[in-house]
Amino acid sequence: MTSENGALLELKNLKKHFPVGGNFLTGGHEYLKAVDGINLTIEEGTTYGLVGESGCGKSTTAKMILQLEVPTDGEIIFEGRNALDKKGSSQKDYKSKVQAVFQDPWASLNPRMRVEGIISEPLQVNTNLTKGEVKSKVGEILEQVGLHPYQAGLYPHEFSGGQRQRIGVARALALNPKLIVLDEPVSALDVSIRAQIMNLLMDLQKEYGLTYLLIAHHLATVRYMCDKMGVMYLGKMVETADTDDLFDNPTHPYTQALIGAALPYHPDSDKEENILQGEVPSPINPPSCCSYEQLCPDPENSEQIIEYKEVGPNHSVAIAGGCYEQYGCHYFPRVRQ
(Lines give C-alpha, C1' and ligand atoms only; values in the text may rest on other atoms or scores of the structure.)
Protein backbone atom coordinates (compact mmCIF):
# COMPACT_ATOMS: atom_id res chain seq x y z
CA MET A 1 0.00 0.00 0.00
CA THR A 2 1.26 3.46 -0.88
CA SER A 3 0.00 6.97 -0.22
CA GLU A 4 -2.34 8.77 -2.62
CA ASN A 5 0.57 10.32 -4.53
CA GLY A 6 2.23 6.93 -5.06
CA ALA A 7 4.92 7.44 -2.44
CA LEU A 8 6.01 4.63 -0.15
CA LEU A 9 7.90 6.97 2.21
CA GLU A 10 7.57 10.70 2.79
CA LEU A 11 9.57 12.87 5.17
CA LYS A 12 7.83 16.14 5.99
CA ASN A 13 9.80 18.96 7.62
CA LEU A 14 11.84 16.35 9.51
CA LYS A 15 14.18 17.72 12.19
CA LYS A 16 16.67 16.35 14.69
CA HIS A 17 18.30 18.80 17.10
CA PHE A 18 20.76 17.47 19.70
CA PRO A 19 21.26 19.45 22.94
CA VAL A 20 24.91 20.39 23.53
CA GLY A 21 26.68 22.42 26.20
CA GLY A 22 25.14 23.68 29.42
CA ASN A 23 24.99 21.71 32.69
CA PHE A 24 22.50 20.71 35.36
CA LEU A 25 23.16 23.94 37.32
CA THR A 26 23.05 26.57 34.60
CA GLY A 27 21.01 24.79 31.96
CA GLY A 28 21.00 26.89 28.80
CA HIS A 29 21.50 24.16 26.23
CA GLU A 30 22.42 25.04 22.70
CA TYR A 31 21.28 22.71 19.94
CA LEU A 32 23.20 21.03 17.16
CA LYS A 33 20.86 21.03 14.18
CA ALA A 34 21.86 17.75 12.58
CA VAL A 35 18.75 17.62 10.39
CA ASP A 36 16.85 20.86 10.04
CA GLY A 37 13.57 20.53 8.20
CA ILE A 38 14.05 18.26 5.19
CA ASN A 39 11.37 16.97 2.83
CA LEU A 40 11.84 13.79 0.83
CA THR A 41 9.60 11.46 -1.17
CA ILE A 42 10.50 7.91 -2.24
CA GLU A 43 8.26 6.09 -4.69
CA GLU A 44 7.72 2.36 -4.36
CA GLY A 45 10.15 0.17 -6.30
CA THR A 46 12.73 2.93 -6.80
CA THR A 47 16.10 3.81 -5.32
CA TYR A 48 16.62 7.25 -3.79
CA GLY A 49 20.18 8.44 -3.20
CA LEU A 50 21.10 10.81 -0.39
CA VAL A 51 24.52 12.45 -0.71
CA GLY A 52 26.58 15.13 1.00
CA GLU A 53 29.77 15.50 2.99
CA SER A 54 30.32 13.89 6.39
CA GLY A 55 28.25 15.62 9.06
CA CYS A 56 25.54 16.93 6.73
CA GLY A 57 22.82 14.80 8.37
CA LYS A 58 22.47 11.80 6.05
CA SER A 59 23.00 9.07 8.65
CA THR A 60 20.89 10.91 11.23
CA THR A 61 18.06 10.96 8.69
CA ALA A 62 18.48 7.20 8.22
CA LYS A 63 18.43 6.62 11.97
CA MET A 64 15.16 8.50 12.30
CA ILE A 65 13.61 6.43 9.50
CA LEU A 66 14.81 3.27 11.27
CA GLN A 67 13.52 4.71 14.57
CA LEU A 68 16.95 4.56 16.15
CA GLU A 69 16.56 8.29 16.82
CA VAL A 70 13.40 10.17 17.80
CA PRO A 71 12.74 13.21 15.57
CA THR A 72 12.59 16.63 17.18
CA ASP A 73 9.82 17.61 14.79
CA GLY A 74 8.25 16.59 11.52
CA GLU A 75 6.53 13.52 10.12
CA ILE A 76 7.58 10.17 8.68
CA ILE A 77 4.75 8.95 6.45
CA PHE A 78 5.04 5.28 5.43
CA GLU A 79 2.37 3.69 3.25
CA GLY A 80 0.18 6.72 3.90
CA ARG A 81 0.37 6.46 7.71
CA ASN A 82 2.41 8.30 10.31
CA ALA A 83 5.23 5.96 11.33
CA LEU A 84 5.70 7.90 14.56
CA ASP A 85 2.41 6.53 15.86
CA LYS A 86 3.26 4.88 19.18
CA LYS A 87 0.71 2.07 18.97
CA GLY A 88 2.42 -1.28 19.45
CA SER A 89 0.91 -3.19 16.53
CA SER A 90 1.62 -0.44 13.99
CA GLN A 91 5.17 -0.05 15.28
CA LYS A 92 5.86 -3.77 14.93
CA ASP A 93 4.47 -3.76 11.41
CA TYR A 94 6.57 -0.72 10.46
CA LYS A 95 9.79 -2.19 11.83
CA SER A 96 9.16 -5.43 9.94
CA LYS A 97 8.72 -3.56 6.66
CA VAL A 98 11.70 -1.21 7.07
CA GLN A 99 15.10 -2.87 7.34
CA ALA A 100 18.74 -1.78 6.96
CA VAL A 101 22.09 -2.84 5.55
CA PHE A 102 24.89 -1.08 7.37
CA GLN A 103 28.27 0.16 6.23
CA ASP A 104 30.69 -2.07 8.13
CA PRO A 105 30.12 -5.82 7.60
CA TRP A 106 32.63 -6.52 10.36
CA ALA A 107 30.81 -4.49 13.01
CA SER A 108 27.17 -5.06 12.01
CA LEU A 109 27.20 -8.84 12.55
CA ASN A 110 27.36 -10.44 16.01
CA PRO A 111 30.67 -12.39 16.04
CA ARG A 112 29.30 -14.82 18.63
CA MET A 113 26.32 -15.90 16.58
CA ARG A 114 26.33 -18.33 13.69
CA VAL A 115 24.92 -17.08 10.39
CA GLU A 116 21.76 -19.12 10.91
CA GLY A 117 21.10 -17.32 14.19
CA ILE A 118 21.82 -13.89 12.69
CA ILE A 119 19.32 -14.36 9.86
CA SER A 120 16.71 -16.30 11.82
CA GLU A 121 16.52 -13.91 14.80
CA PRO A 122 14.03 -11.52 13.15
CA LEU A 123 11.97 -14.49 11.98
CA GLN A 124 11.79 -15.91 15.49
CA VAL A 125 10.74 -12.56 16.96
CA ASN A 126 8.21 -11.49 14.32
CA THR A 127 6.72 -14.71 12.89
CA ASN A 128 5.17 -17.97 14.07
CA LEU A 129 7.28 -20.23 11.87
CA THR A 130 8.41 -23.57 13.26
CA LYS A 131 12.12 -24.37 13.68
CA GLY A 132 12.07 -26.44 10.53
CA GLU A 133 10.41 -23.68 8.54
CA VAL A 134 12.87 -21.12 9.87
CA LYS A 135 15.83 -23.31 8.89
CA SER A 136 14.40 -23.80 5.41
CA LYS A 137 13.77 -20.06 5.06
CA VAL A 138 17.35 -19.25 6.09
CA GLY A 139 18.68 -21.63 3.43
CA GLU A 140 16.50 -20.02 0.76
CA ILE A 141 17.63 -16.51 1.68
CA LEU A 142 21.31 -17.49 1.64
CA GLU A 143 20.88 -18.84 -1.87
CA GLN A 144 19.16 -15.61 -2.92
CA VAL A 145 22.22 -13.57 -1.92
CA GLY A 146 24.72 -15.91 -3.57
CA LEU A 147 25.77 -18.03 -0.57
CA HIS A 148 25.20 -21.72 0.19
CA PRO A 149 22.77 -23.13 2.77
CA TYR A 150 25.54 -25.16 4.44
CA GLN A 151 27.27 -21.88 5.35
CA ALA A 152 24.49 -21.16 7.84
CA GLY A 153 26.48 -23.05 10.48
CA LEU A 154 29.55 -20.81 10.16
CA TYR A 155 30.53 -17.71 12.13
CA PRO A 156 31.01 -14.25 10.55
CA HIS A 157 34.81 -14.35 10.92
CA GLU A 158 34.89 -17.30 8.51
CA PHE A 159 33.69 -15.11 5.64
CA SER A 160 35.29 -12.42 3.50
CA GLY A 161 34.08 -8.81 3.62
CA GLY A 162 31.90 -9.20 0.55
CA GLN A 163 30.36 -12.39 1.91
CA ARG A 164 29.65 -10.71 5.23
CA GLN A 165 27.82 -7.93 3.45
CA ARG A 166 25.77 -10.58 1.65
CA ILE A 167 24.84 -11.94 5.08
CA GLY A 168 23.78 -8.43 6.07
CA VAL A 169 21.59 -8.25 2.98
CA ALA A 170 20.14 -11.69 3.80
CA ARG A 171 19.25 -10.55 7.31
CA ALA A 172 17.49 -7.49 5.89
CA LEU A 173 15.48 -9.69 3.49
CA ALA A 174 14.31 -12.15 6.15
CA LEU A 175 11.01 -10.35 6.89
CA ASN A 176 10.17 -9.49 3.26
CA PRO A 177 10.54 -5.72 3.80
CA LYS A 178 9.15 -2.96 1.62
CA LEU A 179 11.98 -0.47 2.26
CA ILE A 180 15.67 -1.13 2.92
CA VAL A 181 17.94 1.67 4.10
CA LEU A 182 21.39 1.15 2.60
CA ASP A 183 23.89 3.10 4.69
CA GLU A 184 27.15 3.12 2.70
CA PRO A 185 26.68 -0.58 1.82
CA VAL A 186 29.80 -0.91 -0.35
CA SER A 187 32.21 1.75 0.96
CA ALA A 188 34.04 -0.70 3.27
CA LEU A 189 34.55 -3.28 0.52
CA ASP A 190 37.31 -3.78 -1.99
CA VAL A 191 36.69 -2.12 -5.34
CA SER A 192 36.53 -5.53 -7.04
CA ILE A 193 33.66 -6.59 -4.74
CA ARG A 194 31.60 -3.39 -4.86
CA ALA A 195 30.09 -4.06 -8.28
CA GLN A 196 29.03 -7.55 -7.19
CA ILE A 197 27.12 -6.22 -4.18
CA MET A 198 25.55 -3.38 -6.16
CA ASN A 199 24.38 -5.77 -8.87
CA LEU A 200 23.05 -8.15 -6.22
CA LEU A 201 21.02 -5.34 -4.64
CA MET A 202 19.61 -4.26 -8.00
CA ASP A 203 18.71 -7.84 -8.96
CA LEU A 204 16.92 -8.34 -5.65
CA GLN A 205 15.06 -5.06 -6.18
CA LYS A 206 13.75 -6.22 -9.55
CA GLU A 207 12.79 -9.65 -8.23
CA TYR A 208 10.99 -8.52 -5.07
CA GLY A 209 9.95 -4.95 -5.87
CA LEU A 210 12.10 -3.51 -3.10
CA THR A 211 12.50 0.19 -2.42
CA TYR A 212 15.91 1.54 -1.37
CA LEU A 213 17.17 4.64 0.37
CA LEU A 214 20.88 4.71 -0.49
CA ILE A 215 23.21 6.85 1.59
CA ALA A 216 26.62 7.17 0.00
CA HIS A 217 29.70 9.31 -0.52
CA HIS A 218 30.74 7.54 -3.69
CA LEU A 219 28.89 9.40 -6.44
CA ALA A 220 29.52 6.71 -9.06
CA THR A 221 27.60 4.25 -6.87
CA VAL A 222 24.71 6.69 -6.59
CA ARG A 223 24.61 7.35 -10.32
CA TYR A 224 24.67 3.63 -11.08
CA MET A 225 21.95 2.58 -8.64
CA CYS A 226 19.61 5.53 -8.04
CA ASP A 227 16.53 6.80 -9.87
CA LYS A 228 16.35 10.04 -7.89
CA MET A 229 18.68 11.76 -5.46
CA GLY A 230 18.93 14.59 -2.99
CA VAL A 231 21.93 16.64 -1.88
CA MET A 232 22.21 17.61 1.79
CA TYR A 233 24.27 20.44 3.19
CA LEU A 234 24.38 21.48 6.87
CA GLY A 235 21.23 19.56 7.77
CA LYS A 236 19.16 20.87 4.86
CA MET A 237 18.25 19.59 1.41
CA VAL A 238 19.76 21.95 -1.15
CA GLU A 239 18.86 20.17 -4.40
CA THR A 240 16.72 17.22 -5.54
CA ALA A 241 16.28 15.80 -9.03
CA ASP A 242 16.23 12.70 -11.16
CA THR A 243 19.74 11.25 -10.96
CA ASP A 244 20.82 11.77 -14.56
CA ASP A 245 19.40 15.30 -14.61
CA LEU A 246 21.22 16.27 -11.42
CA PHE A 247 24.57 14.99 -12.68
CA ASP A 248 24.10 16.62 -16.08
CA ASN A 249 22.70 19.92 -14.78
CA PRO A 250 23.83 20.58 -11.19
CA THR A 251 22.37 23.93 -10.16
CA HIS A 252 23.26 24.67 -6.55
CA PRO A 253 26.93 25.67 -6.16
CA TYR A 254 27.42 23.04 -3.48
CA THR A 255 26.13 20.34 -5.84
CA GLN A 256 28.44 21.66 -8.55
CA ALA A 257 31.41 21.49 -6.16
CA LEU A 258 30.45 18.00 -4.95
CA ILE A 259 30.21 16.58 -8.46
CA GLY A 260 33.30 18.49 -9.57
CA ALA A 261 35.33 16.86 -6.78
CA ALA A 262 34.51 13.33 -7.99
CA LEU A 263 36.86 11.45 -10.27
CA PRO A 264 35.81 11.60 -13.95
CA TYR A 265 34.63 8.51 -15.76
CA HIS A 266 37.52 8.84 -18.23
CA PRO A 267 40.92 10.44 -17.56
CA ASP A 268 40.73 12.47 -20.78
CA SER A 269 37.26 13.88 -20.12
CA ASP A 270 36.87 17.59 -19.44
CA LYS A 271 35.44 18.48 -16.05
CA GLU A 272 34.44 21.83 -14.65
CA GLU A 273 35.56 22.34 -11.05
CA ASN A 274 33.85 24.66 -8.61
CA ILE A 275 36.29 25.20 -5.75
CA LEU A 276 34.62 26.41 -2.56
CA GLN A 277 36.09 29.21 -0.49
CA GLY A 278 35.58 29.85 3.22
CA GLU A 279 34.56 27.60 6.10
CA VAL A 280 31.45 25.52 6.65
CA PRO A 281 29.24 27.18 9.30
CA SER A 282 28.71 25.45 12.64
CA PRO A 283 25.56 23.29 12.84
CA ILE A 284 25.22 24.54 16.44
CA ASN A 285 24.75 28.13 15.28
CA PRO A 286 23.94 27.99 11.57
CA PRO A 287 23.05 31.13 9.58
CA SER A 288 19.48 32.26 10.16
CA CYS A 289 18.90 32.68 6.45
CA CYS A 290 20.97 30.91 3.78
CA SER A 291 23.00 28.00 5.16
CA TYR A 292 25.46 28.60 2.32
CA GLU A 293 26.15 32.17 3.50
CA GLN A 294 29.79 31.76 4.56
CA LEU A 295 30.72 30.09 1.25
CA CYS A 296 28.84 32.50 -1.00
CA PRO A 297 31.01 34.54 -3.42
CA ASP A 298 28.86 37.57 -2.58
CA PRO A 299 27.77 37.32 1.10
CA GLU A 300 25.49 40.36 0.87
CA ASN A 301 23.30 38.44 -1.54
CA SER A 302 22.94 35.44 0.77
CA GLU A 303 21.05 37.23 3.53
CA GLN A 304 17.72 36.17 2.13
CA ILE A 305 14.96 33.73 3.03
CA ILE A 306 15.45 30.32 1.41
CA GLU A 307 12.88 29.19 -1.14
CA TYR A 308 12.67 25.99 -3.17
CA LYS A 309 12.38 26.70 -6.88
CA GLU A 310 11.50 24.28 -9.66
CA VAL A 311 14.27 24.62 -12.25
CA GLY A 312 13.26 21.65 -14.37
CA PRO A 313 10.98 18.60 -14.37
CA ASN A 314 11.28 16.97 -10.91
CA HIS A 315 14.26 19.25 -10.25
CA SER A 316 14.15 21.70 -7.34
CA VAL A 317 16.87 23.74 -5.69
CA ALA A 318 17.12 25.80 -2.51
CA ILE A 319 17.68 29.42 -3.50
CA ALA A 320 17.92 32.59 -1.43
CA GLY A 321 14.90 34.51 -2.61
CA GLY A 322 15.16 38.04 -3.99
CA CYS A 323 18.87 38.13 -4.83
CA TYR A 324 18.87 37.08 -8.45
CA GLU A 325 15.70 38.30 -10.12
CA GLN A 326 12.86 35.83 -9.61
CA TYR A 327 15.19 32.83 -9.06
CA GLY A 328 16.90 34.43 -6.19
CA CYS A 329 20.67 34.17 -5.94
CA HIS A 330 23.73 35.94 -7.26
CA TYR A 331 25.75 32.74 -7.27
CA PHE A 332 23.34 30.76 -9.47
CA PRO A 333 24.61 31.44 -13.00
CA ARG A 334 23.43 28.02 -14.18
CA VAL A 335 19.77 28.20 -13.17
CA ARG A 336 17.76 27.21 -16.23
CA GLN A 337 15.06 29.70 -17.23
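Guide: Counting a disulfide as a pair of cysteine sulfur atoms within 2.5 Å, the total comes to zero. A disulfide, after all, is a covalent bond between the sulfur atoms of two cysteines. Bear in mind that this is a predicted model, in which local features need pLDDT of at least 70 and side-chain atom pairs count only at pLDDT 80 or more, while totals for chains, interfaces and linings use all residues. Residues are numbered from 1 along each chain as its sequence is written, and side-chain values use heavy atoms, with hydrogens and water left out.

As for the cysteines, cysteine 56 has a relative accessible area of 2% and is buried. Cysteine 226, at 8%, is buried too. Here buried means under 20% relative accessible area, exposed means over 50%, and partly exposed lies in between (1.4 Å probe, protein chains only).

Now to the strands and helices, which are DSSP runs numbered from the N terminus (helices are H or I, at least four residues; strands are E, at least two). In strand β3, residues 47-51, five of five residues are buried. Thr47, Gly49 and Val51 lie on one side, with Tyr48 and Leu50 on the other. Two strands pair if DSSP finds at least two bridges between them, and β3 has parallel partners: four bridges join it to β8 (residues 211-215), and four join it to β9 (residues 228-233). Leucine 50 has isoleucine 215 of β8 as its bridge partner, whereas valine 51 stands opposite valine 231 in β9.

Elsewhere, four strands form an open sheet in the order β2-β1-β4-β5, with antiparallel pairing. β2 (30-43) and β5 (81-82) are at the edges with a single partner strand each, so one side of each has no neighbour in the sheet. Between β1 (residues 7-20) and β4 (residues 73-78) there are five bridges, and lysine 15 is partnered with aspartate 73 in β4.

Finally, helix α4 spans residues 131-144. Its buried residues are Val134, Val138, Gly139, Ile141 and Leu142. They cover an arc of only 165 degrees around the axis, which puts them on the same side of α4; the arc is that of the directions from the helix axis to the C-beta atoms. Among the elements covering them are α3 (115-126) and α5 (161-173), where contact means heavy atoms within 4.5 Å. Just after α4, glycine 146 takes a positive phi of about 90 degrees.

Key. Expected span 1.5 Å × (residues − 1).
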